[in-house]
Amino acid sequence: MNKVNLTKQKLINTLSRKTGIERVVVTEIVDSTFNLIKQTMINGENCYLRGFGSFIVKKRKGKVGRNITKGLVVIVPERYVPTWKPSKTFSDKVKSSNKKRLKA
């Protein structure tokens, strides 16, 4: 399986080429989309994109950790972390595509 990374620049170029919209406009749209998702999560809200997945803010409990090298006890406070969960449709498509590649 070839490893190909989709970068933001490749995304913009591909969208521009497929839609015929200028790169500058596509760049604004992509940046605005990412910023809206980030701002929504910063505000503590989740973002659901049907057929793609969910960007979810999860609360991690505080805990007692240990610094093994110094032998110290460290208190890790509770915090919020961003997570992404693919939709069932998306997961199923990825699973079936990998099966096709592995058989070839």
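## Terms and model

Helices are DSSP runs of H or I with at least four residues, numbered from the N terminus. The structure described here is a predicted model.

## The largest pocket

Helix 2 supplies the largest share of the lining of the largest pocket, namely five residues. The lining as a whole consists of L6, L11, V30, T33, F34, I37, K38, L49, F52 and F55. By class, eight of these lining residues are nonpolar, one is polar and one is charged. The space within the largest pocket amounts to about 280 Å³.

## The crossing of helix 1 and helix 2

Helix 1 spans residues 8-19 and helix 2 spans residues 23-42. Their axes come within 9 Å and cross at roughly 125 degrees. The two helices are therefore oblique to each other, and their crossing is right-handed.

On the side of helix 1, the contact is made by K8, Q9, L11, I12, N13, L15 and S16. Helix 2 contributes R23, V26, T27, V30, D31 and F34. Sorted by class, this contact comprises six nonpolar, four polar and three charged residues.

Terms used:
Residues are numbered from 1 along each chain as its sequence is written. This is a predicted model: local features need pLDDT of at least 70, side-chain atom pairs count only at pLDDT 80 or more; totals for chains, interfaces and linings use all residues. Side-chain values use heavy atoms; hydrogens and water are left out. Axes are lines fitted to C-alpha atoms, for helices over the stretch in contact, and angles run from 0 to 180 degrees between N-to-C directions. Angles under 35 degrees count as roughly parallel, over 145 as roughly antiparallel, 65 to 115 as roughly perpendicular and the rest as oblique. A crossing is left-handed if the near helix is turned anticlockwise from the far one by less than a right angle, and right-handed if clockwise. Contact means heavy atoms within 4.5 Å. Ala, Val, Leu, Ile, Met, Phe, Trp, Tyr, Cys and Pro count as nonpolar, Asp, Glu, Lys and Arg as charged, and the others, Gly among them, as polar. On a 1 Å grid over the protein atoms alone, a cavity is a set of points where a 1.4 Å probe fits but cannot get out, and a pocket is an open set with protein on both sides within 12 Å along at least five of seven lines; lining residues have an atom within 4 Å of a point. Grid points are joined across faces, edges and corners, and a volume is the space filled by probe spheres set on the points.
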